[in-house]
Amino acid sequence: MKQEFSARPAAISEQYCKDCYCSWQGFVTGMPSLVFVVTGWKKNGNENACLQSWASFLNDGPDGFVCVMPANKGGHMYKSLKRTRACVLNFPSNGVYGRCVKTIGNNQWEADEITAAGLTAEPASKVNAPRIKECFLNIECKFLWEHKGLVAVKAVNICMDSGHYDQSRLGRYGKTGYLYQIDQATNPETGEIAPFGPGIIEQGDPVPWETK
């Protein structure tokens, strides 16, 4: 039986949402979102790395691929993006994810955040930002706009490990492909949280594309 929720359930506290910087709707739906690391340069020339999810990727015409994501105006990522108007979106596979998490604890102003997390920085090809070498996909982007805590960036160059071209090899999906953040799927009636690591996509049963 379906239940409807138009207001925050009492089992999910307002303070919990504030501490996690999340909407209660995200906890109720447990909506997955791609995991990636946004990289750029701090004003002092050191590497900046921001582990990110809760983003949307949009196709805007034949040559328009756009990422819209939240940005903390007090954080290094936002300041770097506004100053250089460039960044790289770096997509880790499961084997690299643990090191990407360590960027959170190595985000001091004086730190080279990529290197400090045990990852390798390399120059981007088309924008003024570092890439993470170990990530199987790097999307180099230029700043487009910001609105009410959201920023949009547009892809100008894609760098992908050739081993991921073919799904029968490493591929883009499964345990060696994209990771998804599962936003602490929460029982809205009890407040119980289902522990969940980064998710992956597995192919379902083929469905004929018949629209009539």
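Buried, in these notes, means under 20% relative accessible area, exposed means over 50%, and partly exposed is anything in between (1.4 Å probe, protein chains only). I'm working from a predicted model, where local features need pLDDT of at least 70, side-chain atom pairs count only at pLDDT 80 or more, and totals for chains, interfaces and linings use all residues. Residues are numbered from 1 along each chain as its sequence is written, and side-chain values use heavy atoms, with hydrogens and water left out.

**Cysteines**

I went looking for disulfides (a pair of cysteine sulfur atoms within 2.5 Å) and found zero.

The largest has 23 residues, and Phe 36, Met 69, Leu 89, Phe 91 and Val 153 touch the most other members. I noted the elements that give two or more residues to this core: strands S2 (36-41), S5 (65-70), S6 (86-91), S9 and S10 (150-160), plus helix H3 (76-84). S9 supplies the largest share, four residues. Helices (H or I, at least four residues) and strands (E, at least two) are DSSP runs, numbered from the N terminus.

I then listed contacts (heavy atoms within 4.5 Å) for Phe 36. Not counting residues up to four places away in sequence, Phe 36 touches, among others, Cys 50, Leu 51, Phe 57, Cys 67, Met 69, Leu 89 and Phe 91.

**Second core**

There is also a second, separate core of nine residues. Cys 135 turns up here, and Ala 49, Val 96 and Ile 114 are also included.

**Ser 80**

Which residues does Ser 80 contact, leaving aside neighbours within four places in sequence? I get Gly 40, Trp 41 and Arg 85. Ser 80 sits in helix H3 and is buried, with a relative accessible area of 3%.

**Surface patch**

Leu 144, Trp 145 and Leu 150 make a nonpolar surface patch of about 260 Å². Leu 144 lies in strand S9 (residues 137-147) and counts as partly exposed, at 38% relative accessibility. For the record, patch residues have over 30% relative accessible area and no salt bridge, with like charges joined within 9 Å and nonpolar side chains (Val, Leu, Ile, Met, Phe, Trp, Tyr) within 5 Å. A salt bridge is a side-chain nitrogen of Lys or Arg within 4 Å of a carboxyl oxygen of Asp or Glu. Areas come from the Shrake-Rupley method with a 1.4 Å probe, and for residues only the protein chains shown count as cover.

Methods:
Core = buried A, V, L, I, M, F, W, Y, C linked by side-chain atoms within 4.5 Å.
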